[in-house]
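Here's a quick briefing on a single chain. Have a look at the fold first, then we'll go through it piece by piece.

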Amino acid sequence: MTTAAATALPVSSSSSGRQQRQQQSVIIDTDPGVDDAIALLFAFLSPSIDVRALTLVQGNTNVQKCLRNVKQILSVQAAHERFLAKTAAGDSIHLHPGSLVNREHPVVIALGQGKPLEGEATFAEYYHGSDGLGNYFTEQAPPDSQSAAVADAAHAAGVTSSDEASAEGLYALSTRVAEDEIIHQLETNPAGTIAIVAVGPLSNVARAIKKNPEVMKRAKAIYTMGGAINVPGNITPLAEFNWYADPLAAHILIASSLPVYVLPLDVTTVSSVVESEYLISHALPLHSPLSDFVVQITNYVLDLTERQWGSRFLTMHDPLTVGALVDPTLITFEPLDFQVEPAGEFSKAFCVVDRRMLPFAGAVGGADADSGPKKRTNINVAVKGDTRKFLKMFYHTLFGLDWDQIKPEC
Ligand SMILES: [Ca+2]
């Protein structure tokens, strides 16, 4: 395993001779978050993705902690790129244009308002740790042991502090609030070129829709990880966390006429499971800044899944969502006409699917006698994910590893 690791890492960079694919520019709306962190690293390392802006939303934790986390993620990514450049043989390795250290412009970071459209914020620190990053910053851990170990590991890996990362020009804090930054990015780029990837509660996206619905039509597409269509929820019997944390925001997006691609629990929980056994045994020996970081932030979740479900695994909801843009063949989408319950004592954020055939005139929310049944087709829902393809992308992009060699039997 170690031998494979030693030759594997540079694969995640682009060689000078490789044809660059057209890049997809994205705004990632995120609440990092353990799987958000991995999704961001995945996006930065994917040559086909150009991350223009990161807009932060309360969710897994509050926006202040999200900001600290995202700065650390950027710092780890930059350290990883320097590591790749240093370990590459001769001058044959060139980081792709979207890489942080080669960017002409820093990644823009904008903070959201830190609250849902209505009511109080709901956090998921029970799953992501008190800092939202698997207790990477060790708020609950014994300060003299684990935090020192993390600091030592970060120093050894060349990971800088967030201030140093800013000084390096890796990121720039926007003076705009998140919804205004989304609008600004769409206004100042050609229509139909920017995709929004929303992997947290939809507060920022919904505020942007409410504020400037016309400009939002300039988005090429909006991808959202959220909802539970035909499966139970993960925070209530009916609701998935992201949409439950701001059900009115989810309602506004799904009721809109925008081109939306939904990755619900139905697909993410079965198509993105990374087993600890393989992650630890193959990523850990690499000892790159990125692999060390991923192992550090995932330990908390792995301990949790072992306590709760008896096995150590990670469900990569957010990386799978980024993967849908990296490779359009990864996920199969089908149009689905549904609404999100914006309130309700027991049904908050429930996905109300219109399964009627609408054979009669005057059906509520449906047809009239002249034009026949009308179902909306702008909301596309993932119905199938290629698990093996995702795992192959995951291990290759983050660690330069070949999944076909790690687990060739399935
Ligand atoms: Ca998230």
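How many of the 9 residues of helix α11 (residues 247–255) are buried? The count is 8, so to speak a mostly covered helix. Buried here means 20 or more other C-beta atoms within 10 Å of the residue's own; 12 or fewer is exposed, anything in between is partly exposed, and C-beta atoms are placed from the backbone. Bear in mind that this is a predicted model: local features need pLDDT of at least 70, side-chain atom pairs count only at pLDDT 80 or more, and totals for chains, interfaces and linings use all residues. Residues are numbered from 1 along each chain as its sequence is written.

**Overall numbers**
- The chain has 17 helices and 15 strands (DSSP runs numbered from the N terminus: H or I of at least four residues for helices, E of at least two for strands).
- Of the 410 residues in the chain, 48% are buried.
- Take the contacts with a separation of 6 or more: 80% of them come from residues 24 or more positions apart. A contact is two residues with C-beta atoms, placed from the backbone, within 7 Å.

**The sheet**
- There's an open sheet of 9 strands, ordered β6-β5-β3-β2-β7-β8-β9-β15-β12, and its pairing is mixed. Two strands pair if DSSP finds at least two bridges between them.
- At the edges sit β6 (171–173) and β12 (331–335), each pairing on one side only.
- From one strand to the next, the twist averages 25°. For angles, axes are lines fitted to C-alpha atoms (for helices, over the stretch in contact), and values run from 0 to 180 degrees between N-to-C directions.

**Around β2 and β3**
- Strand β2 (residues 24–30) has 6 of its 7 residues buried, so the rest of the structure largely encloses it.
- β2 runs parallel to strand β3 (residues 49–56), with 7 bridges joining them; Ile28 has Leu54 as its bridge partner in β3.
- Getting from β2 to β3, the chain passes through helix α2 (residues 34–45) in a right-handed β-α-β crossover. Right-handed means that, with the strands pointing away from the viewer, the path from the first strand over the helix to the second runs clockwise.
- α2 lies across β2 and β3, at about 165° to β2.
- β2 is also joined to strand β7 (residues 194–198) by 5 bridges, again parallel, and Val26 has Ala195 as its bridge partner in β7.
- β3 pairs in the parallel sense with strand β5 (residues 107–111) over 4 bridges, with Leu56 opposite Leu111 in β5.
- Helix α7 (residues 178–187) lies across β2, β3, β5, β7 and β8, at about 150° to β3.

**The nonpolar core**
- The largest nonpolar core has 114 residues, and those touching the most other members are Val26, Leu41, Ala43, Leu56, Val197, Val205 and Leu253. Such a core is a set of buried Ala, Val, Leu, Ile, Met, Phe, Trp, Tyr and Cys residues joined through C-beta atoms within 7 Å.
- Beyond its neighbours within four places in sequence, Leu56 has contacts including Thr30, Val63, Ile109, Leu111 and Ala178.

**Helices worth a click**
- In α11, the buried residues include His251 and Leu253; among the elements covering the buried residues are α8 (203–211), β8 (219–225) and β15 (379–385).
- Ser75 is in helix α3 (residues 63–87) and counts as buried because it has 27 C-beta neighbours inside 10 Å.
- Ser75 and Pro289 are 214 residues apart in sequence, yet 9.6 Å apart in space, C-alpha to C-alpha.
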